[in-house]
Amino acid sequence: MGNISACLDRCGFAELLASYSSEEAHIKNTSRKVPRRMASLLELKEIFRNADAVCFDVDSTVIKEEGIDELAKFCGVGDAVAEMTRRAMGGSVTFKAALTARLGLIRPSWEQVQKLISEHPPQLTPGIRELVSRLHQRGIQVFLISGGFQSIVEHVALQVNIPTTNVFANRLKFYFNGEYAGFDETQPTAESGGKGKVISHLKEQFHFKKVVMIGDGATDMEACPPADCFIGFGGNVIRKQVKEKAKWYITHFDELLKELEER
């Protein structure tokens with residue numbers, strides 16, 4: 001199904017900040033504790049050039065839209081859901097809570113989802129096709145890890161020559177008559193911290209040593225670690241918290257293509 005439902009992908013950032021603050025306080029109070037050194041920008045670029053795998057967020061990163069907002073507009077509840085999305089992207093509510101609330105308001109039918117994807121297919125972000133192609137040429141595996149939904153993410157994957165087996169996303173559920181029946185809450189991407197769980201799984205399964213996460217939101221940033229490098233992306237929308245905290249922040253994929261050309 002062409003579920004252009006969404007990324008909702010940006011929660012848990014408050015928890016991330018809280019954990020950092022707690023760690024800093026513990027370090028100050030324990031002289032024998034040595035804080036983990038943060039990688040420099042040059043080191044992050046080196047990790048990217050020599051990565052075993054690169055993982056992309058989808059909504060507002062690989063594609064221009066926030067899919068769930070587009071679905072909400074189509075179903076007549078665009079303004080209310082857009083406000084929920086802004087809070088979710090900033091990390092002020094948990095991911096699963098934001099996902100549940102927004103889909104509960106939209107309640108999209110199978111027919112509505114299909115019609116939306118056929119009439120308003122997602123638009124790829126400029127440069128993403130070229131970047132994925134270049135990564136593949138270098139023998140780097142590419143994955144899509146999204147808080148959006150499997151069918152729409154698989155559709156996007158095919159547009160950029162990423163195998164659908166490299167897609168990790170959520171699934172909408174429908175009753176036999178096509179009415180909305182919820183979403184699969186067992187998927188790791190259905191909750192805060194889910195992207196990190198997927199990356200840990202990839203490292204264990206494929207024995208990757210260097211994994212890069214690229215995305216626009218808080219849930220992308222919180223996936224590092226276990227990712228070895230996070231690259232914030234602001235080419236479609238700028239999330240203030242991510243821009244301020246990311247060591248490496250870009251606004252166009254050409255910047256990453258240039259990094260790959262340097263070696």
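## The chain overall

The model is predicted. Its chain holds 12 helices and 8 strands. Of the 263 residues, 51% count as buried. The accessible surface of the chain is about 12400 Å². Carbon and sulfur atoms account for 50% of that surface.

Contacts across the sequence can also be sorted by separation. Take those between residues at least 6 apart in sequence: 70% of them join residues at least 24 apart.

## Helices H7 and H12

Helix H7 spans residues 128–137, and helix H12 spans residues 254–261. Their axes lie 9 Å apart, at an angle of about 25 degrees. Angles under 35 degrees count as roughly parallel, so H7 is roughly parallel to H12. The crossing of the two helices is left-handed.

H7 brings Glu 130, Leu 131, Arg 134 and Leu 135 to the contact. H12 brings Leu 256, Leu 257, Leu 260 and Glu 261. By class, that gives 5 nonpolar and 3 charged residues, with no polar ones.

## Helices H3 and H6

Helix H3 covers residues 67–74, and helix H6 covers residues 110–119. Their axes come within 10 Å and cross at roughly 110 degrees. The range from 65 to 115 degrees counts as roughly perpendicular, so H3 is roughly perpendicular to H6.

On the H3 side, the contact is made by Glu 70, Leu 71 and Phe 74. On the H6 side are Gln 112, Val 113, Lys 115, Leu 116 and Glu 119. These residues divide into 4 nonpolar, 1 polar and 3 charged.

Conventions:
Residues numbered from 1 in each chain as written. Predicted model: local features only at pLDDT ≥ 70, side-chain atom pairs only at ≥ 80, totals over all residues. Heavy atoms only, no water. Axes fitted to C-alpha atoms, helices over the stretch in contact; angles between N-to-C directions. Helix = DSSP H or I, 4+ residues; strand = E, 2+ residues; numbered from the N terminus. Parallel < 35°, antiparallel > 145°, perpendicular 65-115°, else oblique. Left-handed = near helix turned anticlockwise from the far one by under 90°. Contact = heavy atoms within 4.5 Å. Nonpolar A, V, L, I, M, F, W, Y, C, P; charged D, E, K, R; others polar. Buried < 20%, exposed > 50% of the residue type's maximum accessible area, 1.4 Å probe, protein only. Areas by Shrake-Rupley, 256 points an atom, 1.4 Å probe, with all protein chains shown as cover.
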